Amino acid sequence: WDARSKLAILSALAFGEKITPEDIYTEGIRRIAQIDFQYAHRLGHTIRLLASARQTPDGVILSVRPALIPRQTILASVRGSYNAVWVRGKYGEDTFYYGRGAGSRPTGVAVVSDLMRVAREIRSGSPERVSPFAHERLGEYTPIPVTRQKRAYYLRFRVTDRPGIIAALAGILAEKHISLEAVLQVPCDTKNDLPFVITVEPTSEEAVREAVDRMSGLDFLLEPPLALPVEPGV
């Protein structure tokens with residue numbers, strides 16, 4: 001929820017729209033397991049919780065969710081209490097901001113800095129000051145479903161091993177016009193709880209969700225598939 005609130009403020013700054021945090025698609029990290037990092041590393045990626053805002057011809061797509069990102073990107077090196085903000089501008093291209101996002105002292109500095117700025121503006125009586133949003137007023141935001149975006153996807157399964165599992169999953173993906181990219185399985189002695197991964201080529205999130213819903217009813221699955229977007233390199 002903290003990341004969602006930050007994204008709402010940053011999106012208003014960037015796009016001049018009044019964002020309602022409840023409109024932002026939000027997914028936590030509860031289902032991420034150590035095995036997911038192992039598979040991500042095999043794919044040359046790692047996993048990070050990303051708060052993302054992208055402007056499209058239809059509007060701004062907003063989400064807070066875990067995703068795979070390439071290990072060589074600067075975002076992959078952000079760890080612990082540090083936060084990072086990556087911005088791609090229409091003309092300024094890429095800029096990056098990095099610092100501690102938690103802790104009494106870093107938080108205190110940020111809060112006191114804001115209070116001092118407000119106090120200066122009240123004292124100087126400048127109601128017509130330049131808005132920090134760089135817009136005269138914020139427009140009303142029309143939520144754009146995150147399902148419209150297209151990404152490659154990482155699908156992790158936990159199954160009771162038996163013949164025909166890959167064929168059944170591939171058949172559902174084919175019905176949704178989703179192309180497989182790779183199938184990965186780390187050797188495992190436990191056949192009654194076998195994890196493996198399928199990665200798929202870029203497709204709409206709507207199609208991936210429909211496929212995952214279909215797969216969730218298969219009797220060899222121990223839990224619904226975990227689907228994570230694979231973000232392009234930054």
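How do the residues of the lining of the second largest pocket divide into nonpolar, polar and charged? They divide into 10 nonpolar, 1 polar and 7 charged. The model described here is predicted.

- The volume of the second largest pocket is about 270 Å³.
- Its lining is made up of 18 residues, and those closest to the centre of the pocket are Tyr25, Glu27, Arg31, Pro225 and Ala227.
- Of the elements, α5 gives the most to the lining of the second largest pocket, namely 5 residues.

**Helices α4 and α5**

- Two packed helices are described by the angle between their axes and by the distance between those axes.
- Helix α4 covers residues 165-175 and helix α5 covers residues 205-215.
- The angle at which α4 and α5 pack is about 145 degrees, and their axes are 9 Å apart.
- The crossing that α4 makes with α5 is right-handed.
- On the α4 side, the residues that meet α5 are Leu169, Ile172, Leu173 and Glu175.
- On the α5 side, the residues that meet α4 are Ala211, Arg214 and Met215.
- Sorted by class, this contact has 5 nonpolar and 2 charged residues, with no polar ones.

**Glu205**

- Helix α5 also holds Glu205.
- Is Glu205 buried or exposed? Glu205 counts as buried because its relative accessibility is 2%, and the cut-off for buried is under 20%.
- When neighbours within four places in sequence are left aside, Glu205 is in contact with Arg65, Val146, Thr147, Gln149 and Tyr153.

**The cavity**

- How many cavities of 30 Å³ or more does a search of the whole structure find? The search finds 1.
- The largest cavity holds about 40 Å³ of space.
- Its lining consists of Leu50, Ser52, Arg54, Ser63, Arg65, Ala67, Gln149 and Glu231.
- Arg65 and Gln149 line the largest cavity, and Arg65 and Gln149 are also in contact with Glu205.
- Strands β3 (45-56) and β4 (59-70) each supply at least two residues of this lining.
- By class, the lining of the largest cavity has 2 nonpolar, 3 polar and 3 charged residues.

How values were computed. Residues are numbered from 1 along each chain as its sequence is written. This is a predicted model: local features need pLDDT of at least 70, side-chain atom pairs count only at pLDDT 80 or more; totals for chains, interfaces and linings use all residues. Side-chain values use heavy atoms; hydrogens and water are left out. Axes are lines fitted to C-alpha atoms, for helices over the stretch in contact, and angles run from 0 to 180 degrees between N-to-C directions. Helices (H or I, at least four residues) and strands (E, at least two) are DSSP runs, numbered from the N terminus. A crossing is left-handed if the near helix is turned anticlockwise from the far one by less than a right angle, and right-handed if clockwise. Contact means heavy atoms within 4.5 Å. Ala, Val, Leu, Ile, Met, Phe, Trp, Tyr, Cys and Pro count as nonpolar, Asp, Glu, Lys and Arg as charged, and the others, Gly among them, as polar. On a 1 Å grid over the protein atoms alone, a cavity is a set of points where a 1.4 Å probe fits but cannot get out, and a pocket is an open set with protein on both sides within 12 Å along at least five of seven lines; lining residues have an atom within 4 Å of a point. Grid points are joined across faces, edges and corners, and a volume is the space filled by probe spheres set on the points. Buried means under 20% relative accessible area, exposed over 50%, partly exposed in between (1.4 Å probe, protein chains only).
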